[in-house]
Amino acid sequence: LLVALESDLRVRVLKGPTRPINSQEKRLQTIANLGLADFLLILPEQFSSPEDHEAFIKKIHPNVLAVSASSPHLADKERILQKYGGTLKIVLGHNPDISSTKIIADWAKDKGQDG
């Protein structure tokens, strides 16, 4: 099992200047501590286009790419994976009740009320 995480820079681009909450090193260590992954890596900082995704998929030839429902370019990723003999699996549907964005907003709201 290879687990690839977004870099801190990409998370800031995708989610805003106050993100990520945990650094890429901490997120990587958290996954490592689970003991499930054979390999861990941080995705390249330039990794936003279908061309970037295809170059990566061509290089590693995954059997399965597990993504969340909110992952961008799902149709492109699925097409690319099929081209290289893999399949795309959505392993986490969108659940706004457990998003980090909601947790941060709730925390800020609670902090403001306690203030």
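This short talk walks through a few local features of the structure shown above. The model is a predicted one, in which local features need pLDDT of at least 70 and side-chain atom pairs count only at pLDDT 80 or more, while totals for chains, interfaces and linings use all residues. Residues are numbered from 1 along each chain as its sequence is written, and side-chain values use heavy atoms, with hydrogens and water left out.

Let me begin with helix H1, residues 8-15, where helices (H or I, at least four residues) and strands (E, at least two) are DSSP runs numbered from the N terminus. In H1, Asp8, Arg10 and Val11 are buried, and buried here means under 20% relative accessible area, with exposed being over 50% and partly exposed in between, using a 1.4 Å probe and protein chains only. Seen down the axis of H1, these buried residues fall within an arc of 160 degrees, so they line one face of the helix; the arc is that of the directions from the helix axis to the C-beta atoms. What do the buried residues of H1 pack against? They pack against H2, with contact meaning heavy atoms within 4.5 Å.

Asp8 deserves a moment of its own, since with a relative accessible area of 14% it counts as buried. Its side chain makes a polar contact, at 2.7 Å, with the side chain of Arg27, a polar contact being a pair of N or O atoms within 3.5 Å, where within protein one must be able to donate a hydrogen and the other to accept it, and residues adjacent in sequence count only if both atoms are side-chain atoms. Leaving aside neighbours within four places in sequence, the residues in contact with Asp8 include Pro20, Asn22 and Arg27.

Before that, H1 is followed by Gly16, whose phi is positive, near 115 degrees.

Which residues other than glycine have a positive phi? One of them is His61, with phi near 45 degrees, in the loop between helix H3 (50-60) and strand E3 (64-68); at 44% relative accessibility, His61 is partly exposed. Another is His73, with a phi of about 65 degrees, which sits in the loop between E3 and helix H4 (74-83) and, at 33% relative accessibility, is also partly exposed.

Finally, Leu34 lies in helix H2, residues 24-34, and is exposed, with a relative accessible area of 57%.
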